[in-house]
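Here are my notes on this model, point by point. Please read them with the structure open.

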Amino acid sequence: MPVLEVLDTGSLVRTPCQNLAVVRNASTIDRTHVVLDPGHGGIESGSVTADGLAEKDVNLDVAMIAEELLSEQGFVVTLTRYTDVRIPIVSRVEIADSLNALLLVSIHHQGTDPDVPRSDAPGTEVYYQQNSEESKRFAGLLHEESVVKLGQFDIESWFAGPDAGATYRQNRNTGEDFYGMVRRPAAPAVLAEMSFLGNPEEVELLRSPEFLRAEAEAISDAVIRWFTTDDAGSGFVEPSFTLLSSGGGGGLGGCVDPDLGETADIPAALLEAFGES
Ligand SMILES: [Zn+2]
């Protein structure tokens, strides 16, 4: 949670539901290189397969392995969630912004549309910020690494839609980037649909630790290349369509804060200064 003030009694924070709280005994992080954002969480499962594999869990598994791989290489990595908790998009973005993250990667897996065209190569989709060259470059690197790392797994056919590659998605009304996790962060950010929960063959792979690790390696190797090289990436494609609104959750409605541990009273002056948003 973003820390607004450090008090004698604890840390004044903005909670995931955008409330104020003074948390005692908080451990604080003051810098990070990369924020990894495991999509969905809590009551927002994301896609779920017929046999019960939930996107939110796959996203978190991959993020945690990627964190480990990057930490081994000396990168400071922060996740927007470490547990199965629902966090609104604005609060995820605040975590990255308040840490002055240099890069944000939102990790997702595509849902269950059975009409997606088939391909002999992985159909990873990476959405970048249309006005950021560095976001675009990272998207190209992540797509490139994904095709290599996931392509090592031999299956009959991958799902690959028209957005397979590095691309962007616009809100047709505003012309802005469509996804909140791409539009809102101050840092270069992408949203990646790593593979397809709608494809039984890919689901089979997603149940294996080896494949989850391959996805995490694609992310960590793309991050390392983005930081350490000028490589341009590849796989850029024109956006296939624009959307009006997501309706995909991630708002503040019905938000329930997780257990914050021991808390203290919020001084009245601070309550006024920071307000309830
Ligand atoms: Zn998702």
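1. A definition comes before the pairings: two strands count as paired if DSSP finds at least two bridges between them. By that rule, β8 and strand β10 (residues 165–167) pair in the parallel sense, over three bridges. Glu-125 has Gly-165 in β10 as its bridge partner. Keep in mind that this is a predicted model.

2. β8 pairs with strand β11 (residues 189–196) in the antiparallel sense, and four bridges join them. Here the bridge partner of Tyr-128 is Val-190 in β11.

3. Is β8 (residues 125–128) covered or open on its two faces? Both faces are covered. Glu-125 and Tyr-127 are buried on one side, and Val-126 and Tyr-128 are buried on the other.

4. Now the whole sheet. Six strands make up an open sheet, in the order β5-β4-β6-β11-β8-β10, with mixed pairing. The edges are β5 (77–79) and β10. Each has a single partner strand, so one side of each is left without a neighbour in the sheet. From one strand to the next, the twist averages 20°.

5. Strand β4 (residues 34–38) and β5 pair in the parallel sense over three bridges. Within this pairing, Val-35 stands opposite Thr-78 of β5.

6. Which residues coordinate the zinc ion? The donors are His-40 through NE2, Glu-55 through OE and His-108 through ND1, at 2.1 to 2.2 Å. Their spacing in sequence reads H-x14-E-x52-H. Glu-55 lies in helix α1 (residues 55–72) and His-108 in strand β6 (residues 103–110), so this pair ties together parts that are 53 residues apart in sequence.

7. Glu-55 has a relative accessible area of 3%, so Glu-55 is buried. His-108 also counts as buried, at 10% relative accessibility.

Definitions and conventions
Residues are numbered from 1 along each chain as its sequence is written. This is a predicted model: local features need pLDDT of at least 70, side-chain atom pairs count only at pLDDT 80 or more; totals for chains, interfaces and linings use all residues. Side-chain values use heavy atoms; hydrogens and water are left out. Donors are N, O and S atoms within 2.8 Å of the metal (3.2 Å for Na, K and Ca); water is not among the atoms, so sites may look incomplete. Buried means under 20% relative accessible area, exposed over 50%, partly exposed in between (1.4 Å probe, protein chains only). Axes are lines fitted to C-alpha atoms, for helices over the stretch in contact, and angles run from 0 to 180 degrees between N-to-C directions.
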